[in-house]
Amino acid sequence: MVSANTNTPMEGSGFAVETEALTKIYGDLTAVDHLDCRVPYGQIFGLLGPNGAGKSTTIKMLTTLLDPTSGTAKVAGFDIVAAPAHVRRSIGYVPQMLSADGALTGEENLMLSAKLYAIPRVERQARIAEALAFMGLTEFGRRLVKTYSGGMIRRLELAQAMLHRPMVLFLDEPTIGLDPVARHTVWDRLRELRKNFGMTILITTHDMDEADELCDELALMHRGQIAALGKPAELKASFGAEATLDDVFAHFSGGSIQEGGSYRDIRQTRSTASRLG
Amino acid sequence: MTSARLAAPPADWVEETVVVEVWRETLAIANVELRKLFRDPTELFTRAIQPVLWLVIFGQVFSRVRGIPTGNVSYLAFMTPGILAQSVLFAAIFYGIAVIWERDLGIVHKLLVSPAKRISLVLGKAVSAGFRGVMQAIIIYLIAIALHIAIRWQPLNILAVLAGVALGSAIFATFSLIIACIVKSRERFMGIGQVITMPLFFASNAIYPIAIMPAWLKVVALVNPLTYLVDALRGQMIVGGESVHGFASDFGIMIVIFIVLSAIAARLYPTLLR
């Protein structure tokens, strides 16, 4: 078994993700404000914060969907602005919405990913079968995705994201809208991905349990900046024995994590929830 | 376990030329689009209703007017290629809606994070639109047979018609994609789609020759891609039909239009998320 720490990168910096004064400004709103953040290889790292804290904007920049207004970032050693094509080859991404195509089967969704990620033709079937087995979806591979449950769709998306063995996997609110059993299954699969393939996993969440149970390290985001950084246990310990992450967050943001959120966030969450039916 | 090596692209990334890469990605996108189409082909059949109405009702009535100069062919035969082009336009111009829908589902996010070139994502949609256009052409041929319109059955003529229809469909689908990237919402898209289809149709040679148009409308018709599609089809599809510009010029102009639109669409595609 390969431990996470031995999966050292070949290129450039020693971090899977490294941002320097990363900034995104929309009109007069500064969504991400001079963010400095480093994620070591092999870590499960959580960006925690209420809606509107800048988590999703940060992920969009790191996955090359958005250009930063200023500042820089490297992902898997590649600059997101200077070498976006290299970044895209090195990462996997699971968006917040349940984005597998419902009109296709699980296998067809995977085949599309396999082709777009240039997995050689002779390897495609084996990789797809392996990914389906890894996510416990083998018997559902030939079914249309619109017949899947929310948890199955999320696992299929993880299967899609692991096909090309990315160095860094980005997940935006990976278990939003899922029931507790499905959430734990997703967490288990993420831990396995890290363990078996040495993937670095960066998630955004506003779910305290997820942050606490899944993440090795947390960055609490508030108004586009990191308000606190550390291991979940350390963060809690600094506020006393009985403290929860919500207490930690309330201290740094001056409010509960459950507050806030724009109409757009709510609409996306609701559309995700309604797809789960 | 060899897992550390597996988690290390792009060191083991297979380098290929741009052409091979775009070809692979385009086919991958077109493949899933066509799978979805064949899984639920009702769309193809409902699309056949409108051209039937145009040819059977409008065409039959206007055939009696005899006020429109159509050369050696009957008015019904004259308008058949026009109605084929129109049905291609009306279907393809709404493809952008699907892209907005895919954006809302997160599918576009995933495609844009993948290493696929933007132009491949655009071309994949265009190829699938082209294929749908070919299916529409087959339906219009069947209607034309039923109406006893004299069709040119030589294989080269049919091939030219299908190629023209596929390219025309790709043009309007790509144009639709550009509109989607600009308006970004389904509601606005529906409004704009409705507003532009009729002017494109009437400011073309689909149901009357350009020669009888007022001067200002002739200018509009000359910059209207639909005009070149209709002209190309008219020379190839019906016995006695005449193309004003010739098939090669029409097809060449359409290729240039398609290249320009594809380049614009590839540039705009990522802005769909902003």
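The model is a predicted one, and every value given here was computed from it.

Along the principal axes, the C-alpha atoms of chain B fill a box of roughly 80 × 40 × 35 Å. Of the 274 residues in chain B, 42% are buried.

A helix pair in chain B can be looked at in detail. Two packed helices are described by the angle between their axes and the distance between the axes. For helix H5 (residues 75-92) and helix H12 (residues 225-237) of chain B, the axes come within 8 Å and cross at roughly 140°. Angles over 145 degrees would count as roughly antiparallel and those from 65 to 115 as roughly perpendicular, so H5(B) and H12(B) are oblique to each other. The crossing of H5(B) with H12(B) is right-handed. On the H5(B) side, the contact is made by Thr80(B), Pro81(B), Gly82(B), Leu84(B), Ala85(B) and Leu89(B), while H12(B) brings Leu226(B), Leu229(B), Val230(B), Leu233(B), Arg234(B) and Met237(B).

Another view of chain B comes from Leu268(B), which is placed in helix H13 (residues 247-268). Leu268(B) counts as partly exposed because it has 17 C-beta neighbours inside 10 Å, and a buried residue would need 20 or more. Leaving aside residues up to four places away in sequence, Leu268(B) touches Ile178(B) and Cys181(B). In the C-alpha to C-alpha distance, Leu268(B) and Ala180(B) are 9.5 Å apart in space, although 88 residues separate them in sequence.

Attention now turns to chain A. Helix H1 (residues 55-62) of this chain is mostly covered, with eight of its eight residues buried. These buried residues of H1(A) are Lys55(A), Ser56(A), Thr57(A), Thr58(A), Ile59(A), Lys60(A), Met61(A) and Leu62(A). Just after H1(A) comes Thr64(A), which takes a positive phi of about 70°.

Ala76(A) sits in the loop between strand S4 (70-75) and strand S5 (78-79), and its phi is near 50°, a positive value in a residue other than glycine. Ala76(A) counts as buried because 27 C-beta neighbours lie inside 10 Å. Arg223(A) lies in the loop between strand S9 (217-222) and strand S10 (225-230). Though not a glycine, Arg223(A) has a positive phi of about 50°. With 14 C-beta neighbours inside 10 Å, Arg223(A) counts as partly exposed.

Notes
Residues numbered from 1 in each chain as written. Chains lettered and ligands numbered in written order. Predicted model: local features only at pLDDT ≥ 70, side-chain atom pairs only at ≥ 80, totals over all residues. Buried ≥ 20, exposed ≤ 12 C-beta atoms within 10 Å, placed from the backbone. Helix = DSSP H or I, 4+ residues; strand = E, 2+ residues; numbered from the N terminus. Contact = placed C-beta atoms within 7 Å. Axes fitted to C-alpha atoms, helices over the stretch in contact; angles between N-to-C directions. Parallel < 35°, antiparallel > 145°, perpendicular 65-115°, else oblique. Left-handed = near helix turned anticlockwise from the far one by under 90°.
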